[in-house]
Amino acid sequence: MSLRTACRDWTSALPDLRKLLPPAARAAFAAGAARCAALSGATGPAEIAITLSDDAEVRDLNRDWRGKDKPTNVLSFPGLEGAMAALLPPEAPRPLGDIILAFETCRVEAEEQGKPLADHARHLVVHGVLHLLGYDHEEDAEAEEMEALETMVLAGLGIPDPYGADPYGETRA
């Protein structure tokens, strides 16, 4: 896994992000890898690139790739599809894709939800990794499955259920 910081606000807000985000990505990968067709029969490493960026870059990407001219908290861009992965030798690396987080949107969401930015960023990394592994939330049943897996992974990281009624309690500032 690679982690690139394209927006310095991330390192100012979360100086220990290099200790926080990779474990979240690894935990999500471990929980959801069995579903990923690109990993079937693979013995080589899986590769995921995470970029910590800003609203401007994410807005451009969201507009260009999804036709939505607005920033969003996280984007996932799948890499190797199952059919292409089948052409690789088992020991070859599997580039699963890229995840990009937008600082300003993530910060505002964390503040509005009364949660630490670190917890929100780890949740979005987990969410993005699961997308790269083939999970989605377009249909209700898919959303329930993905949210349950996210909740399980986050619990293992000591993060409250982000889909719960009031995961951080009413006393939190």
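**Reading the pocket and the helix packing**

Guide: The largest pocket here has a volume of about 570 Å³. This is a predicted model: local features need pLDDT of at least 70, side-chain atom pairs count only at pLDDT 80 or more, and totals for chains, interfaces and linings use all residues. Residues are numbered from 1 along each chain as its sequence is written, and side-chain values use heavy atoms, with hydrogens and water left out.

Visitor: Which residues are the closest to the centre of the largest pocket?

Guide: Rolling a probe the size of a water molecule over the atoms shows where empty space is left. A pocket is an open set of points on a 1 Å grid where a 1.4 Å probe fits, with protein on both sides within 12 Å along at least five of seven lines; lining residues have an atom within 4 Å of a point. Here 23 residues line the pocket, and Arg 66, Val 74, His 127, His 131 and His 137 are the closest to its centre.

Visitor: Which elements each supply at least two residues of that lining?

Guide: They are α3 (55-66), β3 (74-78), α5 (103-113) and α6 (117-132). Helices (H or I, at least four residues) and strands (E, at least two) are DSSP runs, numbered from the N terminus. The lining divides into 8 nonpolar, 9 polar and 6 charged residues.

Visitor: Where is confidence lowest, and where highest?

Guide: Where pLDDT is low, the predicted coordinates should not be read in detail. pLDDT is the predictor's confidence in each residue, from 0 to 100. Helix α4 (residues 82-85) is lowest, at a mean of 76, and α6 is highest, at 98. The protein has a mean of 92, and 94% of its residues reach 70 or more.

Visitor: At what angle do the axes of α5 and α6 cross?

Guide: Axes are lines fitted to C-alpha atoms, and angles run from 0 to 180 degrees between N-to-C directions. The axes of α5 and α6 come within 9 Å and cross at roughly 120 degrees. α5 is therefore oblique to α6.

Visitor: How do α6 and helix α7 (residues 140-156) cross?

Guide: Their axes come within 10 Å and cross at roughly 130 degrees.

Notes
Points joined across faces, edges and corners; volume = space filled by probe spheres on them. Nonpolar A, V, L, I, M, F, W, Y, C, P; charged D, E, K, R; others polar. Parallel < 35°, antiparallel > 145°, perpendicular 65-115°, else oblique.
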